[in-house]
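Reader: Please take me through one part of this predicted model in detail. I would like a close look at the place where the two chains meet, and then at what lies behind it.

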Amino acid sequence: MKVLLIDIDDSRANKIDSILASAGIELINFNNQHADIYHIVGEMHPEIILVDTNSSNRDTLEHLAQLNKEYPRTVIKLGNNRSESINRLAADAGISIYAIDNIPPRLLQSLIDITLSFFHSIDRLRAEVLALKPEIDARQILNSAKKFIVDTYGLTDEQATDLLNKNANRQGRSITDVARQLMETGAFV
Amino acid sequence: MPRYHSLFTRTISAIALTTSCVAIAAEPEKEELKFGFIKLTDMAPLAVAYEKGYFEDEGLYVSLEAQANWKVLLDRVIDGELDGAHMLAGQPLGATIGFGTQAHIITAFSMDLNGNGITVSNSVWEEMKKNIPRQADGKPVHPIKADALKPVIDKYKSEGKPFKMGMVFPVSTHNYELRYWLAAGGIHPGYYAPLKGHTSGTIDAEALLSVTPPPQMPATLEAGTIYGYCVGEPWNQQAVFKGIGVPVITDYEIWKNNPEKVFGVSNEWAEKYPNTHIAVVKAMIRAAKWLDDNNNANRPEAVKILSKSSYVGADYDVIANSMTGTFEYEKGDKREVPDFNVFFRHNATYPYYSDAIWYLTQMRRWGQITEYKPDSWYMDIAKKVYRPDIYRQAAEELIAEGKVSTSEFPNFASETGYKPPQSEFIDNITYDGRKPNEYISKFSIGLKAKDLLK
C-alpha cells in the first residue's frame, strides 16, 4: 500500500516511516512547494495521502479528486460514522487525510490512531521541555549574577549567594528577580 | 479602550432609535468573532470594516486571520473554528449541494464585482499578438478574445505539448471565467468526470486546467509548468511588474459586473447568532460603501491598508495598479478600467439569486453537476444559500440610523432577487436567471441541459 505525505517535514515523516514500514506500508515523502502534484499523484497512484492541513497543495488535491474519481479525496467519515479522530488529526497534528474509495474504514482508523499517538507523544515531550525552560533560565541568571559579584567585588561564591539573598529579603522579591535586575542594571535596587 | 468607546456610542444610538424608528439594532448574541480570508485584494471589505472601526460600532470584536488555502478556510467555517470567511462564490453553493464536503453554508453579503484577469506567458503573448487587430495607436484592440489564442494552442498541440493553464479552485469564479473565455473562443476546457469509472477529468480538453494557489501563480508561470492563468489581484499585475507575463483580459470584459467573492457563514451559525449576523453585514456594507465613496477617493488609503503583511502583503504599487481604476496589460499599456474592482455601487453587495444560479449553470455546463435538474432546483438551491432577507434587515437598520440612504440599495419592497436578463458577456449570449436550463443549452461548447457524460 502506498501512502503519500505532502508538505510534512522530514523529521516528522522519517519517524512515522519506520513505524509504518514494518506494517508493509510504502511511504513517499513529498516536500516541495513548487512541485507538480498532478504529475506525482498521476504517476504514483497513492491510496492514501497525508497532507499538512495548511498546505497550499490542498486546493490542488480537491481539484484532482474532482477530475478523477479514482484519486484520493478528503475523508470526512469512516464508514457511516463521523470520526472525531479526523478532526483531532487536523487540530492536534495539523494533518489532513485523503483516501481512495475502497480503503477499509478500519485500516484508515488505525493509520489515524498511529499518526495521532505519535504526534501526541512528540507534543508531550515538547510541552515538558517548555515547562522546564523558566526554571533553567532562572538558574542561568542566578549563576551569572553570582559570577558578576564574585568577579567585581572579589567575594566568594557563598558570600555572593548570601548578598543576593539578603537583598531579596529586604525588598520582598525573589532572588531570581534581584539577580535579573542586577544583570540588567548593574545595581541591586 | 475601544470597547468602552463603542459601548458608549451604542447606548446613545439606541436611545435615539427607540423614539423614531422601526429598525432597532438588537444586541449581538456573540461579540468576539474570528473571520478567515485569503490574501487577495477583494478581502478589502473585511480589512476596512476592521480598520475603520465599523465592527466595533456594531459591538463586535473581530479578529481577522489569513488562511493558507480555500479548503481549510471552508473546513474551519464548517467546524466552527471560524465564525465566517471571505469565500469563493462557488464555495457555499458547492458545499450545500455536496461537492467535496457536504455542509449547509449561506451568504447574506456579496463582497465585490469583477477583479480577476487572465494572464499568459510572454512567449504565448508573442504568438497571440499576431492574431489581434491593432488600434490607430498600435495597441491591440480590446477585448481580446480567445480566438487569438486558438492557433497558438493548435500549434502546441501539433508539437505534442498539452496546453496547461492555472486557476485557483474547482468551484472558483476563476475556473468558470477562464472556461467561459476559452469556450467563447472555440477552445474546449474539458469536462469534469464526477462519475466513477471515468479515467480522466480532462475529457475533450484542448486546454488543461489545473489548480495553483494564487500567490504561486507568477512563479509557476515563470517555471513553465503552466502557460497562463486566471486569478484575482494582485497576481496579474505582479506578472507585469516582474516582466514574466501579459494580462490579456479582465473578467469585466468577459462578463460586465460579474459577482465575485461572498461572505460565507454556516447555516447553523446563522441560526444561532441572527443578530450578530445582521451586525456583521451592517459593518461590511459600510466598509464597501467607504471603498467606493466619492468615485473611489478612498482607494489609495485602502491600498495602504491592504499592503500590510497581515492582509495581502504585496507592494503598494502592485496593489494600486488595479485598485485605483486602471489596469496594466502589456507593460506600458495601462488602460482605464474604473470598474475593475467594484465593492458597493451597482448594488454589488446584494446577494442576488440570479448570481447564485449563474454559478450553478456553469457547474452543470462543465459536468460538476452530473445530471439534468429542473429550473426549480436551481431556484431552490439559490434560495437556500443566498439570503437577501438578512441583507435587507442589515440595510434597513443602517438606513434608520442615517448611515446610508435608501437610494443606495435595491427597492426592497419590489426586489425579486433576479436581475433582468443580462447580455453583456463576451459572446453576447443572454443570461436570464429564471431560465437556467434554457441558458445552459445556448452554448456550443459545454453540456446541454439534458446531456449526460458518456
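**Where chain A meets chain B**

Author: In this predicted model, 22 residues of chain A are in contact with 34 residues of chain B. Together the two chains bury about 2300 Å². Carbon and sulfur atoms give 50% of that area. Three residues stand out on the chain A side. A:Asp59, A:Gln66 and A:Leu67 supply 27% of the area that chain A buries against chain B, more than any other three residues.

Now the polar side of this interface. There are 10 residue pairs in polar contact between chain A and chain B, counting pairs with both residues at pLDDT 80 or more. One helix of chain A gives the largest share of the side that touches chain B: helix α3, residues 58–67, with seven residues. By class, the chain A side has four nonpolar, 11 polar and seven charged residues.

Next, the charged pairs. Side chains of opposite charge can pair when their charged atoms come close. Two salt bridges are found across the interface of chain A and chain B. One joins the side chains of A:Glu62 and B:Lys71, at 3.8 Å from N to O. That distance counts because the cut-off for a salt bridge is 4 Å. Another joins B:Asp75 and A:Arg58, at 3.4 Å from N to O. This pair runs between chains, from helix α4 of chain B, which holds B:Asp75, to helix α3 of chain A, which holds A:Arg58. Over all chains, the count of salt bridges comes to 36.

Step back to chain A. Chain A is divided into domain 1 (2–103) and domain 2 (134–185). Their C-alpha centres lie 53 Å apart.

Chain B also has two domains. Domain 1 takes in three stretches, 2–114, 260–351 and 387–408. Domain 2 covers 116–257. The C-alpha centres of these two domains of chain B lie 29 Å apart.

How do the domains of chain B meet? In chain B, 33 residues of domain 1 are in contact with 35 residues of domain 2. The two domains bury about 2800 Å² between them, with 62% of it on carbon and sulfur atoms. The count of salt bridges between them is one. In chain B, the side chains of B:Lys129 and B:Glu330 meet in a salt bridge, at 2.8 Å from N to O.

The largest share, five residues, comes from α15(B). By class, the residues on this side of domain 1 of chain B divide into 14 nonpolar, eight polar and 11 charged.

Last, chain B as a whole. Its secondary structure comes to 19 helices and 14 strands. The C-alpha atoms of chain B fill a box of roughly 75 × 50 × 40 Å along the principal axes. Chain B has a radius of gyration of 22 Å, which agrees with the value near 22 Å for a compact globule of 454 residues.

Key: Residues are numbered from 1 along each chain as its sequence is written. Chains are lettered from A and ligands numbered from 1 in the order in which they are written. This is a predicted model: local features need pLDDT of at least 70, side-chain atom pairs count only at pLDDT 80 or more; totals for chains, interfaces and linings use all residues. Side-chain values use heavy atoms; hydrogens and water are left out. Domain bounds come from an automatic or database domain assignment. Contact means heavy atoms within 4.5 Å. Buried area is the accessible area (1.4 Å probe) that two parts lose on being put together, summed over both. Helices (H or I, at least four residues) and strands (E, at least two) are DSSP runs, numbered from the N terminus. Ala, Val, Leu, Ile, Met, Phe, Trp, Tyr, Cys and Pro count as nonpolar, Asp, Glu, Lys and Arg as charged, and the others, Gly among them, as polar. The radius of gyration is taken over C-alpha atoms; the globule rule is 2.2 Å times the number of residues to the power 0.38. A polar contact is a pair of N or O atoms within 3.5 Å; within protein, one must be able to donate a hydrogen and the other to accept it, and residues adjacent in sequence count only if both atoms are side-chain atoms.
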